[in-house]
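Here's a quick tour of pockets and side-chain contacts. Have the viewer open as you read.

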Amino acid sequence: MEIAAMTKSTISVIGAGRIGQAIAGLAVRQGHPVVLSNSRGPETLQAVVDELGPLASSDTAAGAAAQGDIVVIAVTFDAIESLPVADLTGKVVLDATNYYAPRDGVIPAVEGDRVPTSVHVQRALLGAHVVKAFNHIVWSDIPADARPSDALGRRGIAVAGDDLPSKQRVTEFVDEIGFDPVDIGALDESWRIQRGSPGWITNYSAEQLLEKITEANSWHNA
């Protein structure tokens, strides 16, 4: 008797720039269908789709959101308000965004009130289950640093989220595509890995990253 192959989750990417494409590439490598979208239209992603292979396709942001089991958002922070909120309702949203005022404009809630960026994203995407991950790694390091689960020297990737089942799904995905997930708590704690924090960008193991997450206390109060 044949046993049916396990169905792989569909990974949708809204914001198919370098970070989005890098995550998509690792997802395809693990057998996940991938749906890419950007602000310029599905047809502009045909070359990327062709390169990723038969598991990849492109769609509008709304179409990608509707299809995704995990929806990666890798847009600039000033585009958060234009995301398809209705289509993201109930979805696991992997938030790989970063706030950078010179590029995105000043957002008072984040700049003045120091609201964690992923909390701001969650407030904008009411009904979605936002989980922070992959915001503290250079895009080129995503394929370069990915390692099998039994490999030595795996890189740690911080994961933060409020909805535990959603955080678990992202945690499993992070592990599957080649990194050691490091649970840093709820979205309120995601400031610990924001732009400029001690754990930012550098390739740290899971143990080292946890140390940097703790160091963020003094960084945040500076």
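## Contacts and pockets

Let's start with aspartate 141, which is partly exposed at 23% relative accessibility; here buried means under 20% relative accessible area, exposed over 50%, and partly exposed in between, with a 1.4 Å probe and protein chains only. Keep in mind that this is a predicted model, so local features need pLDDT of at least 70 and side-chain atom pairs count only at pLDDT 80 or more, while totals for chains, interfaces and linings use all residues. Residues are numbered from 1 along each chain as its sequence is written, and side-chain values use heavy atoms, with hydrogens and water left out.

Aspartate 141 has a salt-bridge partner, arginine 155, at 3.2 Å from N to O. Arginine 155 sits in the loop between helix H8 (141–145) and strand S7 (156–161), and aspartate 141 in helix H8, so the pair ties together parts 14 residues apart in sequence. Helices (H or I, at least four residues) and strands (E, at least two) are DSSP runs, numbered from the N terminus.

Another one joins glutamate 176 to lysine 8, with the closest N and O atoms 2.5 Å apart. Glutamate 176 belongs to helix H9 (residues 164–176) and lysine 8 to the segment before strand S1 (11–14), so this contact links parts 168 residues apart in sequence. Both ends are partly exposed, glutamate 176 at 26% and lysine 8 at 33%. Arginine 192 and glutamate 189 form a salt bridge as well, at 2.7 Å between the closest N and O atoms; arginine 192 is buried at 14%, whereas glutamate 189 is partly exposed at 28%.

On the aromatic side, the structure holds two pairs. In one of them, the rings of phenylalanine 134 and phenylalanine 179 have centres 5.5 Å apart and planes at 85°, so the pair is edge-to-face. (Rings of Phe, Tyr and Trp, the last by its six-membered ring, pair if their centres lie within 6.5 Å; planes under 30 degrees apart are stacked, over 60 edge-to-face, and the rest tilted.) Phenylalanine 134 and phenylalanine 179 are both buried.

A pocket here is an open set of points on a 1 Å grid over the protein atoms alone, where a 1.4 Å probe fits, with protein on both sides within 12 Å along at least five of seven lines; lining residues have an atom within 4 Å of a point. A volume is the space filled by probe spheres set on the points.

| Pocket | Volume | Lining residues nearest the centre |
|---|---|---|
| Largest | about 650 Å³ | Gly15, Ala74, Val75, Thr76, Arg103 |

The largest pocket is lined by 32 residues, and helix H1 (residues 18–29) gives the largest share, three residues.

Notes
A salt bridge is a side-chain nitrogen of Lys or Arg within 4 Å of a carboxyl oxygen of Asp or Glu.
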